[in-house]
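Let's take a friendly walk through a protein model, with the sequence and the 3D view side by side. Please keep both open as you read.

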Amino acid sequence: MTFRQFAYRNVVRNRRIYAAFFMASMFSVMVFFMYSMLMFHPKIEDEFLREFAVSGMIVAEIILYIFTLFFLFYSMSAFLQARSKEFGLLLQLGMEKKQLNKLIFLETMLIGAVSIATGILFGYAFSKFFFMIIRELLQLESLPLYIYWKPFALTMGAFISLFVIIAMTSVVFIRDQKIIELIRGNWQTDEWQSFSTVKAVLGIIMLLFAYTAAALTSTNVVKALSIILPPIAALGTYFFFTHSVMFILQRLRKRKSLYWHRYRLIAVSEVSVKLRENARMYFIVTIVSTVAFLSVGTLTSLSSYTGQFRELNPLSLIYSSELTNPYESEHISLIRNELEEQGISYSLVPFVIKQQTSSYSNFKVNILRESDINSLAIALGLPLISLESGDGMFIPYSEESIKTLANREIQTVLEESNVPVQIKGIYPQMLFPSMIIGSNLIVVSDADYELISEPLVGRTEMTSSFNFFAFHVAAWERTKSIGLTIDTQVTNAIYNQSYSDLPFYFENPGLNYSIIRATFSLLLFTGLMVAAVLLLAAGSFVYFKLYTGLERDKRQFDVLKRMGLTDRELIKIVNRQLFPQFFLPWGIAMLHSAFSFLSLQVIWSNLAEVSILGDMILVLIGFTLIQVVYYFLIRWRYIAHVRA
Amino acid sequence: MKILKMDEVTKVYEGKVTHRAINQLNFEVAKGEFVAVMGPSGSGKTTLLNLISTIDSATSGMITIDGISPEEMTKTELALFRRRQLGFVFQDFNLLQMLTVEENLVLPLTLDGLPIKEMKRRIGDLANKLDLDQILEKRPNEISGGQAQRTAIGRALIHQPTIILADEPTGNLDSKASRDVLELLVKVNQEQKTTILMVTHDPIAASYCDRVVFIKDGEFFNEIYSDDRRQTFFQRILNVLSLLGGNVNDLSTIRLP
């Protein structure tokens, strides 16, 4: 038997032990490969957001790589730890340290090679399915399977280098161990109760502070908080797992009436050992899960924004112009020409908006004519209105205002022209985005509209009203290349802060939508990629730790069973022991994300009138379900193992 | 009064090679007796102990412990029976590493849900008797082998079991600690009238008992009772062992106290 054969037989005949490690490596390779397949996809390269996509994917792949490295490194060390007895025996039989290193290197590379090969194989097999999902997500027309050497080369190169690094470095773990320690399997030095009360309390305070700050955040401070809070929360989490948990459990253990209660004695002490041994791992799992929850949650909220975009922007192109605007006719004919050139059918509703001061609020109101609103409503297929002389109606400026103003009744006089108006109710649909005209918008009957003749106080007739051109295009998503030159002027003006000098304003929701959707899809895409790997890794960490501790746990349960532990008690202990390991990091991550979402909602409501709460809850429930399924799966296997 | 009674007990391990570990063994232990079971490797000592521990069941024959037959009980009843009626002392102590000495002692009682006061009282008594007062807050890995085995004996005693089953309790201890542990067992046996059944390889350990039962290949071989002097009893044990004809290796080297 040559040395290589020995290594080979070690792996092949121990495949049960190696299975867990192999599966994890293989899965990483598979995911990485599928992502590379997507990254090099010719369709994506040609059509879809070339510059964004490539840079986004590179970032995602780098994160993936680093994370996989980290994950495999951790798994490997846990794995070597589980085999320490075997290594001790080999050394005792006279194997040189150098040879042992070589053995581990060979074994790792063997597993690496096999997992790379099978990972790529499965990755390729599942690529089509993966593409189908991505195609749905990105609403691409087609995303066919293809063969090209680059994804293969990238995956192989990345993972071969990764396994070499791991094989070389993981040996460090057994380098300084004495043979006798290896044989006994005493790896960790036992550091009981090595927590500091100060840090324990500090950890809890930091977390509470971060949560409170996140919950009470407002528009003014949200930016500053978004820089300060994450490090505080991260450090707080670290202290929480390394010190606070120990502190709390120590407290609990002092309360004998709680602690010395049937199987709780074993369950609590066992949990505290597990939590202490793996504190750093749980910290990592928590942070990783938080990042995963947040990225998926944020992205869902973004996509809910695109979903509501059309409702918030029913008009396809909007051009508003002061009466003094010299470019008006030039711009309007430009837009019309461009629409006609592209063969897009449209209807144009021009109208004039007058401004008056309301006696009710002393603010400026923008006034529309009933027949204008009705022609707009006809174009958009919305309900018509009919107003008596002297009646008025609000035009909603946000989704929320439809509800709040529905039953308002206001008696006001349009002061300059002395026209009394009774404003009742609100138009039931959004017509204009609030940016365009402002929030104080009403519609009056045609007769009353004619009566408004005096200009706004302090303005001339030319500046107290403006022209408004509403284009309705059924195929609104196709308007993204219409009026680009005007859009550029507006953008530049906003950029130079000379927006108020501009005599016109132009908005193209189709263009905005295409930009927003493209950016969001890409974010969603990369975010989902990373989140999937992170979640997988978070779960695997817990699994690995359980797996490596299985022998010890089994021995312990054997003793307990001999001493008279019933089967039901055993299961109860296992439940109480596994539950915190699964759900404590998860729970903290949940809390972190929930409070982050609270802040996010503040940022979000500044950008657009969208509530992300519903989506967030959905996302969190989704993750919880996955976690619960995972818990039961592992629990089932674990109980089967310790009972055997 | 007989506390343990084995009547024609046979244990056969089925497998590729059928193996008869215990063969028609008759065996009794009286209340308050301190009995050692000796025999060469593979003689069925551990199987015997497992049968009495109720974690294994006999192929044929009857075992009764304090008038109760474990065979008729369900798994849960058996667990409760072990918890209340049996105390275990193991060669490698088998203390739970994550518990302190005190918590290890109290473990059988917490499983049974006794009131805290009662638990504290019993710990106080036992710690004093076993000289564990100083180390109650320590972890098993912070104490010596002798202390660990004393803790294990405490754990076996705290619920006042009908019988204590000890499996090579001195197997991992040096001679000084061995002597301490054995003297402790004798003390417990004499003062509290606790019945102890000890399986051992060590003739010295056996010489502390009231009676030594020898088994060979799963069958009864011989038994001898102690006399006034432990030295002569030890010598008689050695004589039987040499008669047993096991390999010389099976006998540990003689260590006189």
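## A serine tucked away

A residue counts as buried when its relative accessible area is under 20%. Keep that cut-off in mind as you look at this model, which is predicted. Is S53(B) buried or exposed? Its relative accessible area is 0%, so S53(B) is buried.

To find S53(B), look in the loop between α1 (45-52) and β4 (60-65) of chain B. Which residues does S53(B) touch, if those up to four places away in sequence are not counted? Within chain B, S53(B) touches R82(B), L86(B), F88(B) and L165(B), and from chain A it touches R562(A).

## Where the two chains meet

Now turn to the contact between the chains. Chain A brings 28 residues to this contact, and chain B brings 32 residues. The size of an interface is often given as the accessible area lost when the parts come together. Here, the area buried between chain B and chain A is about 2,600 Å², and carbon and sulfur atoms give 64% of it. On the chain B side, the residues that lose the most area to chain A are M98(B), L111(B) and R139(B), together 25% of what that side buries.

How many residue pairs are in polar contact between chain B and chain A? The count is eight, with both residues at pLDDT 80 or more. On the side of chain B that touches chain A, the elements giving two or more residues are α2 (75-85), α3 (101-111) and α4 (116-130). Of these, α3(B) gives the most, with seven residues. Sorted by class, that side of chain B has 15 nonpolar, eight polar and nine charged residues.

## Charges that pair up

Side chains of opposite charge can pair when their charged atoms come close. Over all chains, the structure holds 21 salt bridges, and three are found across the interface of chain B and chain A.

One salt bridge in chain A is between K274(A) and D553(A), whose closest N and O atoms are 2.9 Å apart. This pair links distant parts of the chain: K274(A) is in helix α13 (residues 264-277), while D553(A) is in helix α22 (residues 550-562), 279 residues apart. Both K274(A) and D553(A) are buried. Another pair is E569(A) and R83(B), with the closest N and O atoms 2.2 Å apart. E569(A) lies in helix α23 (residues 567-607) of chain A and R83(B) in helix α2 of chain B, so this pair joins two chains. Both of these residues, E569(A) and R83(B), are buried.

R83(B) also forms a salt bridge with D112(B), with the closest N and O atoms 3.2 Å apart. D112(B) sits in the loop between α3 and α4 of chain B, 29 residues from R83(B). Like R83(B), D112(B) is buried. Elsewhere, salt bridges that share partners join E270(A), K274(A), R552(A) and D553(A) into one network.

## An arginine without a partner

Finally, look at R635(A) in helix α24 (residues 613-643) of chain A. R635(A) is buried yet has no salt bridge. How far away is the nearest side chain of opposite charge? It belongs to D567(A), which is 12 Å away. Leaving aside neighbours within four places in sequence, R635(A) is in contact with I571(A), V574(A), N575(A) and L578(A).

Methods:
Residues numbered from 1 in each chain as written. Chains lettered and ligands numbered in written order. Predicted model: local features only at pLDDT ≥ 70, side-chain atom pairs only at ≥ 80, totals over all residues. Heavy atoms only, no water. Contact = heavy atoms within 4.5 Å. Buried area = accessible area lost by both parts, 1.4 Å probe. Salt bridge = Lys/Arg side-chain N within 4 Å of Asp/Glu carboxyl O. Polar contact = N/O pair within 3.5 Å; in protein donor to acceptor, adjacent residues only side chain to side chain. Helix = DSSP H or I, 4+ residues; strand = E, 2+ residues; numbered from the N terminus. Nonpolar A, V, L, I, M, F, W, Y, C, P; charged D, E, K, R; others polar. Buried < 20%, exposed > 50% of the residue type's maximum accessible area, 1.4 Å probe, protein only. Lys, Arg positive; Asp, Glu negative; His and termini not counted.
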